[in-house]
Amino acid sequence: MTEKTMDLGGVVVATTLAFKEDASAPAGLAVDYDKFGEHVDFLMSNGCRGVGPNGSLGEYSSLTDDERRKVIQVAVDAVDGRGIVVAGVHGVGSHQARKWAEISKEDGADGVLLLPPTLYRANESEVIAHFAEVAKVGLPIMAYNNPFDTKVDLTPALVAKLAEIPEVVAIKEFSGDVRRVYEIKELCDIDVIAGADDVLFELMVNGAVGWFAGYPNAFPREAVELYNLCRDGEWHQAKALYEQLVAVFRWDSRTEFVQAIKLSMDICGNSYGGPTRPPRGPLSAEQHAQVTADTERALAALAARREAVGA
C-alpha cells in the first residue's frame, strides 16, 4: 500500500501531444515524440510543478497502445526529476485502467489521473470498485470528476467514499461548481485540485491547493505566477492577472478545447500545437477567429502588464 502522499501544490499541465504528417500512421498523423519532449521541457523550465500526459488534452483515446506507453516514457525522461508526472490511466473497465497504472508505475510516473469507467455510466458501487482496483497498483491517484464527458458525477458524498481508499489523494474538480470545494473539505481529507481553467481563481479562493491545467500549455509562465499569487493570498494581484486570461481560458471548458489550446500555443509561438487526430476535426472558421482574437487579446494585455511593471 502506498503512503497517502503526493505534493500537488503548483501547476501540473495536462499536456497536449504533437503530431506530424505520416501516411503510414493512424489518420495520417504520427506522434512527434521529439516535439512532445521539447514541450515538456519548456513547461518545466517555466516553473510548472509537473505534467499530466495521456489525458483528454493528450488525445489518449486516439493513440495506439504503443504510442500511449511511449508518451509516458518521454514525459518522464523530459521532466528528468524536476517535478512530477501524473499519467492518465483512463479505461472502459478497471482491468484496462489498472493495466495502464501498472505501466505508468513501471515507466516512472509519480501518480495517476483516473476517470470513472469511460463509455459506461457506472453506478456508485461500480465507481468505487473501479478506483479500488486501480489502487492495488500502489501509485497515488488523483480522481477526475468530469460529469460532462463520463456522465458520472463524483459528488462530494461520493468523493468522500473514494477518499477512504488510501491511494486516492486528490480530486480534480471539473464540474464548474466552485461551491463543492467547501463541501468536499467538510466531508473528507483530500486535496481539491482546480480542473477547469476558467474557474481557477474562484476554486483557489475557496481552498483548492493545486491546478491541473490546460491553457498553461500556451501560457506556462503566467499560469505559474497566477497560481503563486493565489497560493500566497495576493488576491487583488491574482484577480488582475486572471482577468487578462479568463476569456481565452474559457475555451478549456468547451467541446473544442484541444484544438483551441493547440491553436493558442501556435499563436503564442513558444511551443508547437499543431493538428489533432480524429474524432477531433479542425476548428470552424468562426471558432478559429475567436480563439485567435482571445489569444491575441491576452498576449497584448500581458505585454502591457510587463511594460508597466518594467516602467
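The largest cavity holds about 30 Å³ of space, where a cavity is, on a 1 Å grid over the protein atoms alone, a set of points where a 1.4 Å probe fits but cannot get out, and a volume is the space filled by probe spheres set on the points, which are joined across faces, edges and corners. The model is predicted, with local features needing pLDDT of at least 70 and side-chain atom pairs counting only at pLDDT 80 or more, while totals for chains, interfaces and linings use all residues. Residues are numbered from 1 along each chain as its sequence is written, and side-chain values use heavy atoms, leaving out hydrogens and water.

The largest cavity is lined by Thr-16, Leu-17, Ala-18, Lys-35, Phe-36, His-39 and Tyr-272, where a lining residue has an atom within 4 Å of a point. A pocket, by contrast, is an open set with protein on both sides within 12 Å along at least five of seven lines.

| Space | Volume | Lining by class |
|---|---|---|
| Largest pocket | about 410 Å³ | seven nonpolar, seven polar, six charged |
| Second largest pocket | about 320 Å³ | eleven nonpolar, nine polar, five charged |
| Largest cavity | about 30 Å³ | four nonpolar, two polar, one charged |

In these classes, Ala, Val, Leu, Ile, Met, Phe, Trp, Tyr, Cys and Pro count as nonpolar, Asp, Glu, Lys and Arg as charged, and the others, Gly among them, as polar.

Of the 20 residues that line the largest pocket, Ser-56, Tyr-60, Ser-61, Thr-118 and Arg-280 lie nearest its centre. The second largest pocket is lined by 25 residues, and those nearest its centre are Tyr-144, Asn-146, Phe-174, Asp-252 and Phe-257.
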